[in-house]
Amino acid sequence: MIKYYLPVAIGAILIAFWASPDVQVIAAGIAIFLFGMLMLEDGFKLLGGGTLERMLQRATKSVSRSLLFGFVSTSLLQSSSLVSVITISFLSAGLISLIGGVGIIFGANIGTTTGAWLVAGLGLKVNIASYAMPIIGLSIILVFQKSKVLRGIGYVCGGLGFLFLGIHYMKEGFDAFKDQVDLIRFALPGFWGLLVYCLLGTVATVIMQSSHATMVLTLTALAASQISYDNALALAIGANIGTTITAIIGSISANFQGKRLALAHLIFNTATALVALVCIVPLRELVDLISGAVGIGAEDYTLKLAVFHTIFNVLGVLLMLPLMQRLITFLERSIVEPTPDVSQPRYLNDAVDDFPQTLEIALRKEVLHLYDNAMTVILHGLNLHRQDVLGAKSVAEVVRNSRTPTDMDIEESYQRKIKTLYSAIVEFSTRVGEKRVEPDVAERVYALRDVSGEIVQAVKSVKHLRKNVLRYSVRPTGSATDLYDGLRTEIARILVEIQKLEETDPEERSTLWLDQERAQIEEDAQTAARRVEEFIRKGQLTPAAATSFLNDSDYAYSAMRKLIEAARTFYIERDNAMAEVERLLALEEEELGESRSENDKPSNEASSEKRHREVVESK
């Protein structure tokens with residue numbers, strides 16, 4: 001069906017064009033209207049500069065806020081589909097809760113009714129084409145400006161202009177078409193009329209992927225007396241069902257949370273439509289009552305349709321709000337969260353890379369996922385366990401007591417837990433680079449990619465250590481064991497300190513420890529070399545074992561450097577005043593060189609730990 005959908009659709013349109021030139025006008029009106037919606041969406045994206053996304057993140061702290069955000073954003077954008085896609089993107093990135101996302105969908109359904117009021121109250125009452133032309137002319141000038149704000153205003157103006165123009169052509173097309181063919185002859189009263197036209201409204205919305213476009217088409221046809229009022233009500237109900245298709249399509253590439261939200265959207269809109277169909281008679285009477293109270297004429301069916309559209313959407317929200325917690329429970333049971341697979345990306349999917357804020361945060365979370373895997377692989381490669389190291393009062397003591405080899409194939413773990421994630425991160429970063437994102441966003445994305453590369457290099461360095469760690473740490477062998485225990489202690493200690501950075505409030509994180517630690521690594525590397533020379537002179541270490549250790553120490557200190565640099569880039573924000581002050585206070589390369597050249601420092605493990613305590617206390 002998908003294969004033949006496009007040629008069949010094009011063929012049907014061409015036949016309709018040949019049968020009646022007036023159909024061309026209606027079709028052109030629909031096309032212009034949809035193009036206007038696309039321009040309006042692009043304009044708000046440019047003009048917002050992430051404002052909509054930031055508001056969405058704050059708007060989900062309560063259900064009432066979520067409802068309000070859904071209503072306001074859809075009223076401004078005139079597109080519940082766009083709001084649904086943005087919500088799915090944020091939910092997939094873990095930035096909002098499921099209940100907050102559902103609340104936004106509820107509010108968006110009410111917000112979409114404002115479009116019907118604008119068209120029925122203004123678009124069909126005045127010659128809006130006369131307003132559309134100058135707006136479009138002005139927008140073209142602004143669209144070609146370099147300023148992002150001016151281009152955003154240009155797209156918004158152009159979108160409004162094309163919306164107006166599309167409404168005008170649809171209205172003109174139906175007015176001319178009724179002189180040739182009276183579609184009112186195909187009106188269906190009663191139950192079958194409700195069912196058939198509800199289905200037509202659903203199909204039309206699925207094809208155009210815009211309930212707003214279906215409502216405008218229905219209103220213009222109703223204004224031209226080409227459909228009956230009863231059938232127009234059914235079309236409006238069907239449009240509410242059909243609008244869920246965009247969320248369903250958007251959820252295909254999303255994670256389980258995005259799929260839950262799409263299902264919630266479908267359940268809510270379908271349930272609302274069923275209630276409206278069952279209660280169509282009392283709803284009609286309520287529309288007549290409200291219309292009479294606010295001064296809407298008995299024969300003004302377009303405004304009465306707008307009243308009906310608002311009533312049944314508000315009614316749906318009122319009915320579903322008390323059941324929201326049950327709905328969330330049903331969604332969680334129906335679409336079960338998959339068992340976490342540490343070897344697969346958790347946050348990188350097509351649903352999150354449509355918006356700068358979600359793609360950056362999703363990538364940041366995935367890099368943290370990679371580091372979490374890397375920490376496990378590194379510690380296991382050193383014959384250590386995460387829970388023992390992170391909960392220890394003395395890392396050195398844990399290392400001395402860890403003589404049982406871990407049951408791990410480090411090469412297999414690297415391929416499965418590290419390389420797979422790193423490949424996904426590189427591929428995602430490359431895909432982001434092909435999009436039109438702000439330079440600062442692109443810079444942060446590439447920085448995160450580099451962080452993941454440094455983490456991978458640290459794991460590779462530990463891979464080289466694994467063989468001799470097993471050889472010298474499982475059974476005490478004198479000086480060689482002491483040397484390798486020293487390397488294991490230093491690497492484990494850095495992992496512990498990085499974990500503390502993760503748990504520290506971002507505003508309190510400091511680069512001072514990182515700079516001091518980097519200097520300490522260079523000093524310890526020199527100290528280790530001197531200790532090897534001393535052990536050889538005393539006959540406590542064979543030249544062969546010494547050579548192996550010196551090679552392994554290069555790998556170990558390389559891993560430490562990579563971990564320090566990855567932590568610096570990932571955790572420390574460079575764009576605030578504190579970071580700038582700390583940058584000025586940080587150790588310069590000359591100081592690092594001086595630290596390397598000092599050969600009279602204490603070399604034993606106790607003095608190294610003492611220096612570290614002094615660094616920690618000075619932060």
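Student: What is the relative accessible area of Leu200?
Tutor: This is a predicted model, where local features need pLDDT of at least 70, side-chain atom pairs need 80 or more, and totals for chains, interfaces and linings use all residues. Residues are numbered from 1 along each chain as its sequence is written, and side-chain values use heavy atoms, leaving out hydrogens and water. Leu200 sits in helix 10, residues 190-208 (helices are DSSP runs of H or I, at least four residues, numbered from the N terminus). Since buried means under 20%, exposed over 50% and partly exposed in between (1.4 Å probe, protein chains only), Leu200 counts as partly exposed, at 45%.

Student: How many residues of helix 23 are buried?
Tutor: Helix 23 covers residues 479-503, 25 residues in total. That helix is mostly covered, and its buried residues number 20.

Student: How far apart are the end C-alpha atoms of helix 23?
Tutor: The expected span is 1.5 Å times one less than the number of residues. For the 25 residues of helix 23 that gives 36 Å. The model agrees, because the end C-alpha atoms of helix 23 are apart by 36 Å.

Student: Which helix gives the largest share of the lining of the largest cavity?
Tutor: A cavity is a set of points on a 1 Å grid where a 1.4 Å probe fits but cannot get out, and lining residues have an atom within 4 Å of a point. The lining of the largest cavity includes Tyr371, Ile455, Ile498 and Phe570. Helix 18 (356-381), helix 22 (439-473) and helix 25 (543-571) each give two or more residues to that lining. The largest share, 5 residues, comes from helix 25.

Methods:
1 Å grid on protein atoms, 1.4 Å probe; cavity = no way out; pocket = protein on both sides within 12 Å on 5 of 7 lines; lining within 4 Å.
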